[in-house]
Amino acid sequence: MRDRTLKATPRTQSSLAVSTDGRDWALCNASPDIHAQLAAQFPVAHDAAVRSNSIKDILLVDGQLDHALGLCLLRENREPLRVWTTDPVAQDLSAGLPLFPLLGHFCGVERQTLPLDRSEFEVPALPGIAITALPVEGKPAPYSPRRNRPARGDNIALTFRDRARGAALFYAPGLAEVTDEVRQAMQASRVVLVDGTFWSDAEMIEAGVSHKRAREIGHLPQSGPGGMIEQLARLPAATRRILIHINNTNPILDERSKERAMLTAAGIEVAADGMRIEL
């Protein structure tokens, strides 16, 4: 990218914003790029109050740094941040990485619990949208005291379903395995946004940036037997398939690569900043 020899599109870190009216929004994950993302996607209204924004609810699918550090950048909000997390993630963000206590010295956090019994719930920003949190295979964040002792709720996927029309979207930026429950949720959704972090299991080792494999840190690679390409091929033909949370070692970022061509042939999209989806 820097020497202009690669055909690729720059991206900020993975997050998703959801709205029913274009005014109030729920944010899925608060990335370290949150200021740039808000400035690009949510121009300030003329009557907006100082230090306020359109984000009314924040849902965290895990406690990873790239999904939680943006909370610090929202510390001067006029009201406490309404943050939805599972209990294990709340514990990690209170002790291992004490963002919640830190934010208590600024705007504060109004923490809400994400249910793990697959019951539907709503958040104030999204009236008429039924949300389901589904525990998925993965690992807690590296800073977590439980790094090698995963608990149910360390990682979740979210389904957003329009109660009136039934249309649903499935969101899972971290996915170590496609279980029967995950597959059912994907098959029931019109759009799936799923883990596209790595192309191959040994990608970071081959790139010389880490000694860890993709599956070891909780990400199902796209290629190989049982990989994400194979899993997405099992979905109904009308399903829109989109890869998110792309690591900078992933060759699919090169728009001229054979790997990107394979995704295109399989009907799989690669998410980019500013992508808008209407159900």
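**Entry 1: S189**

I started at S189 and listed its neighbours, leaving out residues up to four places away in sequence: S189 touches T159, A168, L169, F170 and T239. I was working on a predicted model. Where does S189 sit? I found S189 in the loop between α6 (180–187) and β9 (191–195). Is S189 buried or exposed? Its relative accessibility is 5%, so S189 counts as buried; the cut-off for buried is under 20%. A polar atom of the S189 side chain lies 2.8 Å from the backbone oxygen of A185.

**Entry 2: helix α6**

A185 took me back into α6. I noted V182, R183, A185 and M186 as the buried residues of this helix. How do they lie around the axis of α6? They fall within an arc of 165 degrees when I look down the axis, so they line one face of α6. I recalled the general rule: an α-helix has 3.6 residues a turn, so residues three or four places apart point the same way. What do the buried residues of α6 pack against? I listed β6, β7, β8 (168–172), β9 and α8.

Next I checked β6, residues 129–135. How many of its residues are buried? I counted seven of seven, so I wrote β6 down as mostly covered. Both faces of β6 are covered. On one side I found I129, I131, A133 and P135 buried. β6 pairs with β7 (residues 156–162) in the antiparallel sense, over seven bridges.

**Entry 3: the open sheet**

I turned to a sheet of five strands. It is open, with the order β1-β2-β3-β4-β5, and its pairing is mixed. Which strands are at the edges? I noted β1 (16–18) and β5 (109–113), each of which pairs on one side only. From one strand to the next, the twist averages 25 degrees. I looked at one pair inside this sheet. β2 (residues 25–28) and β3 (residues 55–59) pair in the parallel sense over four bridges. There A26 stands opposite D57 in β3.

**Entry 4: the nonpolar cores**

How many residues are in the largest nonpolar core? I found 26. Those with the most contacts inside it are L59, V123, L126, I131, L158, F160 and Y171. β1, β2, β6, β7, β8, β9 and β10 each supply at least two residues of this core. Beyond four places away in sequence, L59 touches A26, L27, C28, N29, W84, L114, F121, V123, I131 and L158. Apart from this core lies another, of 24 residues, among them L175, A185, V192 and I252.

**Entry 5: helix α9**

I finished with α9, residues 258–265. Its buried residues are E259, R260 and L263. Why are they on the same side of α9? They cover an arc of only 100 degrees around the axis, which puts them there. What covers them includes α8 (228–232), β10 (240–244) and β11 (268–270). On the face turned away from the buried side, I found the exposed residues K258, T264 and A265. Just after α9, G267 takes a positive phi of about 75 degrees.

Key. Residues numbered from 1 in each chain as written. Predicted model: local features only at pLDDT ≥ 70, side-chain atom pairs only at ≥ 80, totals over all residues. Heavy atoms only, no water. Pairing = 2+ DSSP bridges. Axes fitted to C-alpha atoms, helices over the stretch in contact; angles between N-to-C directions. Buried < 20%, exposed > 50% of the residue type's maximum accessible area, 1.4 Å probe, protein only. Polar contact = N/O pair within 3.5 Å; in protein donor to acceptor, adjacent residues only side chain to side chain. Contact = heavy atoms within 4.5 Å. Arc of directions from axis to C-beta. Core = buried A, V, L, I, M, F, W, Y, C linked by side-chain atoms within 4.5 Å.
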